[in-house]
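Please look at the structure first.

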Amino acid sequence: MPNLQDLRRRVRAVKNMRQITKAMKMVAAARLRRAQERVTAARPYTQKMMQILGDAARRAPEYKDPLLTGHQQNLGEGENRREHVILALVTADKGLCGGFNTNLIKAAQEFLKTNTGSDVELVLIGRKGYDFFRRRPVKIRREHVGITGTGRVNASDAAMIARGLIEDFKSEGNRIDRVYLLYNEFKSALSQRPVVEQLLPVGHIEETGNAQPETLVDYIYEQPASEIFSELLPKLVENQVYHALLESVASELGSRMTAMDSASKNAGEVIDKLTLVMNRVRQAKITREIIEVVSGAEAL
Amino acid sequence: MGSRIASHSPLPTPHSLLTMADKLNLEVITPEKLALREQVDEVVVPGLGGELGILPDHTPLISQLKTGVLSYRQGGENKRMHVSGGFVEVASDRVSVLSDVAEKPEEIDVERAQRALDRAERRLASRGDDIDFNRAELKLQRAMIRIQLGGRG
């Protein structure tokens with residue numbers, strides 16, 4: 001029979017835990033709302049940039065840039081060449097957010113498994129991914145820790161990461177063939193999904209936005225379209241990284257909110273169960289004492 | 001001209017589409033947010049090849065920007081803003097500025113800019129091989145513009 005004192009202590013402990021998980025849930029919910037607002041606030045820039053980029057692409061169709069089409073000389077080398085790939089993995093800096101980091105790491109391992117034919121190097125954004133992979137036999141190129149820690153992302157941090165990746169892609173004698181970005185896409189507070197996106201080469205520029213033929217404007221280009229284009233391409237990559245970070249943060253907060261919600265519920269269940277046992281023990285004790293008194297009286 | 005459209009039509013008549021607009025819709029957008037959306041009479045942006053003054057009914061135009069001051073006139077009032085890099089697009093009385101940075105004078109932290117200025121100057125003066133000259137130069141420019149703009153309040 002469990003001790004009454006111990007049971008009381010456990011109930012108190014679980015109640016404390018529930019208080020913490022509840023508070024974390026509230027904080028995550030508030031931050032999630034702000035994170036979503038930030039995703040929305042970033043949209044006009046992306047739209048406008050894609051529109052200008054689409055127009056510049058139309059103006060300079062002959063423009064070639066390795067960022068856009070990849071390294072031409074590598075394509076010529078055929079089947080014998082091992083491809084070099086960078087995978088930039090965006091995880092969280094903190095835990096206690098359900099399966100968020102686990103799912104990402106699993107997806108990254110899956111990526112490594114399916115790409116055994118090429119040399120994959122990792123760029124790790126977020127402490128959790130770094131902590132996992134630094135003890136494993138994979139090549140880590142760089143890590144960025146502490147960028148998403150506070151639940152907000154600066155566009156300048158994202159730009160810094162993106163410039164690093166562009167630098168990787170362009171340097172070392174064009175060794176790197178592709179750069180991928182793996183992050184959690186925010187679908188809703190309840191569901192997030194790891195996605196792999198090809199960051200470089202950019203490939204085809206979609207003419208998104210309101211590019212209906214009749215609204216096409218004949219712009220005067222103050223600089224040559226190709227120059228605008230080459231200036232915009234890195235910005236596009238920066239923007240993509242920024243967007244991925246925003247989505248990742250929103251996903252992390254959503255995931256933490258759900259995880260902490262179910263943790264609070266579980267704590268409630270545990271408390272109910274323990275209280276029940278506690279009451280039973282107390283009742284049993286009282287009954288036993290009455291029996292003792294009664295049988296003692298009878299014996300007289 | 002507008003005879004084919006009934007007079008009670010809520011659609012704008014061709015005539016009204018042809019009238020000269022007397023206002024520009026200015027938008028300043030950074031990667032993080034829409035920093036400014038105003039109806040203005042005139043905009044001057046720091047184009048890469050020099051200052052570009054834009055009045056209503058300007059020809060469609062795309063230009064790169066450099067670090068500098070964007071100013072716009074609203075009625076009799078002149079307002080200024082710090083922008084750094086990016087692009088301007090002018091199309092049908094819409095001026096869209098895409099920039100990495102967009103700050104109003106009251107948002108600028110002059111002390112911080114002064115520190116950044118000192119740092120950038122020291123870096124440029126040290127002439128080390130390990131420094132990124134362009135970035136230091138850009139930082140210097142930004143700091144100078146910030147101080148110039150923020151100092152006036």
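The text below describes the domain interface in chain B.

This is a predicted model, in which local features need pLDDT of at least 70, side-chain atom pairs count only at pLDDT 80 or more, and totals for chains, interfaces and linings use all residues. Residues are numbered from 1 along each chain as its sequence is written, chains are lettered from A and ligands numbered from 1 in the order in which they are written, and side-chain values use heavy atoms, with hydrogens and water left out.

Chain B is assigned two domains, listed here; the bounds come from an automatic or database domain assignment.

| Domain of chain B | Residues |
|---|---|
| domain 1 | 20–105 |
| domain 2 | 108–150 |

Taken over C-alpha atoms, the centres of domain 1 and domain 2 of chain B are 24 Å apart. About 890 Å² is buried between them, 59% of it from carbon and sulfur atoms; buried area is the accessible area (1.4 Å probe) that two parts lose on being put together, summed over both. On the domain 1 side, B:Thr67, B:His82 and B:Pro105 supply 50% of the area buried against domain 2, more than any other three residues.

Twelve residues of domain 1 of chain B contact nine residues of domain 2 of chain B, where contact means heavy atoms within 4.5 Å.

One salt bridge is counted between domain 1 and domain 2 of chain B; the term means a side-chain nitrogen of Lys or Arg within 4 Å of a carboxyl oxygen of Asp or Glu. B:Arg146 forms a salt bridge with B:Glu103, with the closest N and O atoms 2.8 Å apart.
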